[in-house]
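This briefing covers a few features of one protein structure, grouped by topic. Please look through the sequence and the model before reading on.

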Amino acid sequence: PLSTASIAQVHTATLVDGTRVVLKIQHVEVETKMLQDLQQAEHLAEKLAWLEPQVDLRPLLEEAASLHRSELDFAAEASNLREVAANLRGRCVTATLPPVVESLTTRRCLTMGYCEGAPLKDLVSAEEDAIVGTTLCAVHSWPPRASRELARAGVKRCIAHCALEFA
């Protein structure tokens, strides 16, 4: 795999027509296990609220559970990727994001075009201007300037495999 995390692995592949793609594939049974964990946490929060009424974590847990459930839907992530691309274009931020391969994307598998590049951690020096004019891939963290640009562009969430070029 190119990358692995708690809910998925990322692999490269080549389609029959020769197109290189990246597949983000959800781990087997991760949804079931995550939902069980969330249910147990909700149960514990109910007990805590009964024992200590002034410490009611249920609203916080409900919001966290909603966010965790959304992380399991890669079709929604594909929609977010398209929205991010549109927001960046609308803000005149030069960006190359991988196209979603719709016919091969499901709730458990996100398929995108492959983007060449280098990890941000290998490119950024102490000065944030080091990224100007550089194509970045496999972005896992953002320097302050990039964060401001993405926030202005309305970025909600970004997947690990993307390429950005800040001019």
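Predicted model: local features only at pLDDT ≥ 70, side-chain atom pairs only at ≥ 80, totals over all residues.

Helix H1 covers residues 30–51, which makes 22 residues. At 1.5 Å a residue, H1 should span 32 Å, and its end C-alpha atoms are 31 Å apart, so the two values agree.

- The buried residues of H1 are Val30, Met34, Leu38, Ala45 and Ala49.
- Viewed down the axis of H1, these buried residues fall within an arc of 80 degrees, so they line one face of the helix.
- The cover over the buried residues of H1 includes strand E3, residues 20–26, and helix H2, residues 58–71.
- Gln39, Gln40, Leu44, Trp50 and Leu51 are exposed and sit on the face of H1 turned away from its buried side.

- Leu57 lies in the loop between H1 and H2.
- The relative accessible area of Leu57 is 41%, so Leu57 counts as partly exposed, a class that runs between the 20% and 50% cut-offs.
- Together with Val55 and Leu60, Leu57 forms a nonpolar patch on the surface, with about 260 Å² of accessible area for the three together.

**Ala78 in helix H3**
- Ala78 belongs to helix H3, which covers residues 74–90.
- Ala78 has a relative accessible area of 1%; buried means under 20%, so Ala78 is buried.
- Leaving aside residues up to four places away in sequence, Ala78 touches Val100, Thr105 and Leu110.
- Ala78 and Pro99 are 21 residues apart along the chain, and their C-alpha atoms are separated by 9.1 Å.

Conventions
Residues numbered from 1 in each chain as written. Heavy atoms only, no water. Helix = DSSP H or I, 4+ residues; strand = E, 2+ residues; numbered from the N terminus. Expected span 1.5 Å × (residues − 1). Buried < 20%, exposed > 50% of the residue type's maximum accessible area, 1.4 Å probe, protein only. Arc of directions from axis to C-beta. Contact = heavy atoms within 4.5 Å. Patch = residues over 30% accessible without salt bridge, like charges linked within 9 Å, V, L, I, M, F, W, Y side chains within 5 Å. Areas by Shrake-Rupley, 256 points an atom, 1.4 Å probe, with all protein chains shown as cover. Salt bridge = Lys/Arg side-chain N within 4 Å of Asp/Glu carboxyl O.
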